[in-house]
Amino acid sequence: MAEVMLHIYDVTNSGSDKTNNTIVHINKIFKDRIGLGGIFHSAIQVYGDDEWSFGFCEQGSGVFCCPSRKNPLYTYREFMVLGRTNSSVFKVNQILCELSREWPGTSYDLLSKNCNHFCDELCERLGVQKLPGWVNRFANTGDAAIEMAENTALRFKQAKTEIVSASKVAYRFLVGVTSGSTAGDNPLRNSNSGSPRFQSAWFKNLVTAGAKPSNSSEIETQEGDVVLQHERQHNSAHTLQQTCHNSERPLRQSSQQLEQTLRHNSL
């Protein structure tokens with residue numbers, strides 16, 4: 001069994017003394033006074049005097065080692081023991097070889113795949129506790145914020161798509177209603193769209209009913225015309241009947257005279 005040790009550094013590789021001092025000051029406030037965390041680099045030491053960590057590089061693996069507590073890029077801060085591993089030296093070397101292939105330098109990401117994430121993975125494979133939450137809290141918080149922003153953007157995009165689809169459906173519905181109302185205002189369009197039987201019935205009723213008068217005077221005039229026409233028809237019928245009756249009288253007289261003439265001649 002071997003002791004697994006975590007080494008923690010303040011990230012002071014910005015190239016500016018002012019910026020580096022600011023980071024150290026922030027780490028003191030947020031970690032030492034408040035206990036939230038800070039901007040840290042971490043490395044794991046097991047079997048030997050070297051510590052193992054992960055960083056960015058353009059080619060090859062991002063896994064590297066250096067003498068413990070002596071990384072020249074950062075300012076050493078503190079260490080803590082995470083436990084003891086049951087893995088042998090051979091097994092630890094095998095684990096490091098596997099991680100070297102799985103963690104290329106180009107895959108480094110400050111928020112989602114940094115040195116602290118690597119140390120968590122190594123500790124898990126060694127069978128000891130992971131890093132305290134404050135070591136990588138700022139990166140985890142930033143990663144969560146980015147994920148939340150991406151999810152929000154995705155939801156906005158989906159909502160926009162749904163709104164556009166709903167607008168299209170509403171537009172089609174309104175167009176259909178408008179077309180239906182326009183067709184209802186035009187009897188010719190309704191008659192054309194109906195069945196032939198309905199068309200003929202509608203046309204017949206239209207011819208039979210005739211044009212409707214537009215005012216009361218026209219109605220009275222038409223009623224008077226109807227009465228006058230009825231009287232004329234009645235008078236014509238009476239005259240015709242009288243004429244027929246009168247025409248029958250000379251016919252009767254002529255027949256009586258003919259009979260008398262025949263009798264007289266027979267005598």
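Predicted model: local features only at pLDDT ≥ 70, side-chain atom pairs only at ≥ 80, totals over all residues.
Helices (H or I, at least four residues) and strands (E, at least two) are DSSP runs, numbered from the N terminus. Residues are numbered from 1 along each chain as its sequence is written, and side-chain values use heavy atoms, with hydrogens and water left out.

**Thr 12**

- Thr 12 sits in the loop between strand 1 (2–10) and helix 1 (17–33).
- Its relative accessibility is 12%, so Thr 12 counts as buried (under 20% relative accessible area, with a 1.4 Å probe and protein chains only).
- Leaving aside residues up to four places away in sequence, Thr 12 touches Asn 20, Val 24, Leu 73, Tyr 74 and Thr 75, where contact means heavy atoms within 4.5 Å.
- The side chains of Thr 12 and Thr 75 are joined by a polar contact of 2.7 Å. Such a contact is a pair of N or O atoms within 3.5 Å; within protein, one must be able to donate a hydrogen and the other to accept it, and residues adjacent in sequence count only if both atoms are side-chain atoms.

**Gln 45**

- Gln 45 belongs to strand 2 (residues 40–45), and is buried at a relative accessible area of 13%.
- Beyond residues up to four places away in sequence, the residues Gln 45 touches include Glu 3, Val 4, Met 5 and Ser 68.
- The Gln 45 side chain makes a polar contact with the side chain of His 7 (2.7 Å), and reaches the backbone oxygen of Gly 48 at 2.9 Å.
- Gln 45 and Cys 65 lie 20 residues apart in sequence, with 9.3 Å from C-alpha to C-alpha.

Methods: Buried < 20%, exposed > 50% of the residue type's maximum accessible area, 1.4 Å probe, protein only.
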